[in-house]
Amino acid sequence: MATVDGGGPPTTPAQVLAAYERVRDQLPRAVGERPLRPLPDLAPLTDAYDLFLFDAFGVLNLGERAIPDASARLQALRAAGKTVLMVSNAASVPLPRLVAKYQRLGMGFTAETLVSSREALLAHWHAHAGARMGVMAPDDGPLDDLPTPHHRLLDDPAAYDAAEGFVLLGSDHWTPHRQALLCDSLRRHPRPVWVGNPDLVAPREDAFSLEPGWWAADLQRATGVVPKAFGKPHAAIFQLALAKAGYRGDPRRVLMVGDTLHTDVLGAQAMGFDAAWVVGQGASAGLDVMAAVRRTGIWPDYVLPHI
Ligand SMILES: [Mg+2]
């Protein structure tokens, strides 16, 4: 099984934290210590911010299940005249499918108010179109919104050598064998690697799944190729969110709400936004909050059990 600098696949939130710490030199720099205010929920912050950015998994939903009262909070913020966007590293599916999922869950997002890292990566890809890209995606994942030429990376070694660059969107069916094919091909001939989902892992029913960011860190260690990442905590997705919101105001009037220190909180604060860390469920549930903050040096502005 692939490792990130010697660490095996994590099975607890504390091990997830440790895995992110091992790739810390690939992430934006933390802004340093600041006051961390505990809150019961987001209600007291309604007037303090104009633009609210929400992570999805662990904040609004767990898998196919909406988190109770999450949609009510979104509605209350909208009713108060706030701009509310969802900012997600979900890169396996095209934007319309993601919009449909969150409509089904009652969150009320549209193509204008939902921002995905797939969208951020596609903007870059369209600007560099023409090269034949090899795509890591779920075996049944739709690719019809991607620029051509491209082909899916499966178990044929020739497909890896035929690519002029690589796009990592989703790793549901990725295997150590496919990773070895990718690394071997990159060692022989280094080419660009674009990462649509920089998450290392995602919490599933009873374990953590390894996500494209995990495999990207592994290939960087194995080949020396430095991937370019488009999701949180990197700037591209946040810049896209500001553009879609039409927001040109003070970054300190923007609040990012998420359950992962190294993606949601770190990335938002690097943009000059404030950040609220949700710890009641999702990626950080059960963590010792202050131990995690001190260990990582990532200080959220607020910590709360749910939104
Ligand atoms: Mg999350």
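Author: The largest pocket of this predicted model holds about 1100 Å³ of space. Its lining is made of 42 residues, and those closest to the centre are Phe-57, Ala-90, Lys-101, Ala-202 and Arg-204. Two or more lining residues come from each of helix H1 (13–22), strand E3 (61–62), helix H3 (95–104), strand E11 (201–203) and helix H9 (261–270). Helix H3 gives the largest share, five residues. Sorted by class, the lining of the largest pocket has 17 nonpolar, 10 polar and 15 charged residues.

The chain is divided into two domains: domain 1 (13–119 + 233–304) and domain 2 (127–229). Each of them supplies at least three residues to the lining of the largest pocket. Taken over C-alpha atoms, the centres of domain 1 and domain 2 are 25 Å apart. Between the two domains, 18 residues of domain 1 are in contact with 19 residues of domain 2.

One is Lys-101, which lies in helix H3. Lys-101 has a relative accessibility of 17%, and because buried means under 20%, Lys-101 counts as buried. Leaving out residues up to four places away in sequence, Lys-101 touches Asn-61, Gly-63 and Glu-64. Gly-258 stands 157 residues from Lys-101 in sequence, and the two are 19 Å apart in space, C-alpha to C-alpha.

The other is Phe-57, which is one of the protein donors of the magnesium ion. Asp-55 and Asp-259 each give an OD atom and Phe-57 gives its O atom, at 2.1 to 2.2 Å from the ion. Along the sequence, the spacing of these donor residues is D-x1-F-x201-D. Phe-57 sits in the loop between strand E2 (51–54) and E3, while Asp-259 sits in the loop between strand E14 (254–258) and H9, so this pair ties together parts that are 202 residues apart in sequence. The two residues can also be described by accessibility. Phe-57, at 28% relative accessibility, counts as partly exposed, whereas Asp-259 is buried, with a relative accessible area of 2%.

The structure holds one cavity of 30 Å³ or more, and the volume of the largest cavity is about 70 Å³. By class, the cavity lining has seven nonpolar, three polar and one charged residues.

One more open space remains, the second largest pocket, with a volume of about 230 Å³. It is lined by 16 residues, and Gln-26, Pro-198, Gln-220, Ala-229 and His-234 lie nearest its centre. Helix H7 (residues 212–223) gives the most to this lining, with four residues. The lining of the second largest pocket has 12 nonpolar, four polar and no charged residues. Domain 1 and domain 2 both give residues to this lining, so the second largest pocket lies between them.

How values were computed:
Residues are numbered from 1 along each chain as its sequence is written. This is a predicted model: local features need pLDDT of at least 70, side-chain atom pairs count only at pLDDT 80 or more; totals for chains, interfaces and linings use all residues. Side-chain values use heavy atoms; hydrogens and water are left out. On a 1 Å grid over the protein atoms alone, a cavity is a set of points where a 1.4 Å probe fits but cannot get out, and a pocket is an open set with protein on both sides within 12 Å along at least five of seven lines; lining residues have an atom within 4 Å of a point. Grid points are joined across faces, edges and corners, and a volume is the space filled by probe spheres set on the points. Ala, Val, Leu, Ile, Met, Phe, Trp, Tyr, Cys and Pro count as nonpolar, Asp, Glu, Lys and Arg as charged, and the others, Gly among them, as polar. Domain bounds come from an automatic or database domain assignment. Donors are N, O and S atoms within 2.8 Å of the metal (3.2 Å for Na, K and Ca); water is not among the atoms, so sites may look incomplete. Buried means under 20% relative accessible area, exposed over 50%, partly exposed in between (1.4 Å probe, protein chains only). Contact means heavy atoms within 4.5 Å.
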